[in-house]
Amino acid sequence: MLGKLVLIAAIAFGVALKLGFIPDVLTGLSSNHDHSPLDRDLQPRESVDADGVVREKDAGTTGGEFKFEEDGDIENDDYAQSSIYAILYAMYKNTPNLVSPLGIKYQFTFNTWGIAPSPYPVEDPQRHGKAAYAALVTQPPAVEYAEKLGKPLEIMEIGCGTAAGANLITREVWPTSKYLALDMQQAAINTCNMIHATPDNPGLTCQLVPNGVGNDGNKAPREDSSVDFVVISETHIADIAIGDLEKAIFKEIRRVLKPGGLFLWGNAIPTRVWEEADVALPEIGFELVNSFNHTKGAVIARDEDYDRVEAVMDQLLAPYPVMKLPYFGERCHKVGERLIANFYRHPGTALYLKMVTGYDSYMHQAWKNVK
Ligand SMILES: C[S@@+](CC[C@H](N)C(=O)[O-])C[C@H]1O[C@@H](n2cnc3c(N)ncnc32)[C@H](O)[C@@H]1O
């Protein structure tokens, strides 16, 4: 049945491009549900652009003019995160046995672009994502904090996805830690509970926060002043601006952090948004205690990961018979491929180019809660 979801999504995309529609598949799926049945949400809506261009943007504000058909660019307001992740997590679950170009079998669990160089072996298909998580939680102030604490760390992550990073941390990086991994996608939490938060990894708990932390006043499920580290790694938080949602999330992070606790934040977002954060976080009681620009390494990671992502796109899309239909198949494949490529900042996509030009910066930062 999962196949049907993606199949219909692909048809919707193909038809959308042909007819100039943006389908509701980008906005209409619920994150609080593990989508497997065919959903009536997947209906096309109003035409937006006659030539099939999803969006053309103002070079002054977005870093360039990008077209969906060429570089797969989809702006944040073209889709609801919840819908796009519902599709992606369903696809991953539907294709549990991917094979890397080096012949290694694996499940796609890191939704992470990642950084280079990676301390993990070249044979590890998700080595750049692992490198990003490991470096984020071992920034110098975090190591110093853990050494001083002298007892297991209490960690909370917002936007854990399948909790692949949380799994790495609880098994290898900070193996005694108690880690609460939160996400707004039921499918991601299900995968976490199936393969990561297993009895042999008792430190890890995964939990759904319906509609996400900070949305509609949603709180993080932790007591005040109870957490040593809050981790956010490569979520869409703050990818346009520091707005009301970001402020609500930052407030929640500050509420749950112990005095002196650290907010460990890693992401590739517009450089100007990092500058906005530099103002917004101190205003509510955070102090920047570490900042490292990984943008060059993030571009290298995407280059090194090129063959694997190409293989992922083929393998994720191959199972769907629609891809083999005359005319529509080719278009569906192209649209699906562009969508996935853009999501992984694949070389040639708008998001990759934004890192090359420095419009987006991939930063690792540590913010101390100075209560
Ligand atoms: C790009 S994925 C990254 C997942 C994970 N950090 C990784 O690197 O594999 C972003 C994730 O953040 C989640 N997310 C975004 N905003 C959230 C919020 N406010 N509360 C909880 N989860 C959120 C999404 O559902 C999605 O699973």
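Let's start with a pair. D200 and R171 form a salt bridge, and their closest N and O atoms are 3.2 Å apart. By salt bridge I mean a side-chain nitrogen of Lys or Arg within 4 Å of a carboxyl oxygen of Asp or Glu. D200 sits in the loop between α8 and β7, and R171 in helix α7 (residues 164–173), 29 residues apart. D200 counts as exposed, at 56% relative accessibility. R171 is partly exposed, at 32%. The cut-offs: buried is under 20% relative accessible area, exposed is over 50%, partly exposed is in between, with a 1.4 Å probe and protein chains only.

A word on the source. This is a predicted model: local features need pLDDT of at least 70, side-chain atom pairs count only at pLDDT 80 or more, and totals for chains, interfaces and linings use all residues. Residues are numbered from 1 along each chain as its sequence is written, and side-chain values use heavy atoms, leaving out hydrogens and water.

Back to the charges. The whole structure has 13 salt bridges. One of them joins E154 and R222, with the closest N and O atoms 3.0 Å apart. E154 is in strand β5 (residues 154–158), R222 in the loop between β7 (204–208) and β8 (227–233), and 68 residues separate them. Another pairs E276 with R272, at 3.7 Å between the closest N and O atoms. Both lie in helix α10 (residues 271–283), four residues apart, about one turn of the helix. K219, D224, E252 and R255 form one network, through salt bridges that share partners.

Now the overall fold. The protein has 14 helices and eleven strands. These are DSSP runs, numbered from the N terminus: helices are H or I, at least four residues; strands are E, at least two. Of the 371 residues, 57% count as buried.

What about the inside? The largest nonpolar core has 32 residues, and M91, Y92, L316, I340, Y344 and Y362 have the most contacts inside it. Such a core is a set of buried Ala, Val, Leu, Ile, Met, Phe, Trp, Tyr and Cys residues joined through side-chain atoms within 4.5 Å. Helix α4 gives the most to this core: seven residues. Domain 1 (2–94 + 306–343) and domain 2 (127–294 + 359–369) both contribute residues, so the core lies between them. Those bounds come from an automatic or database domain assignment.

Last, a close look at Y92. Leaving aside residues up to four places away in sequence, Y92 touches F108, N111, L316 and Y344. Contact here means heavy atoms within 4.5 Å.
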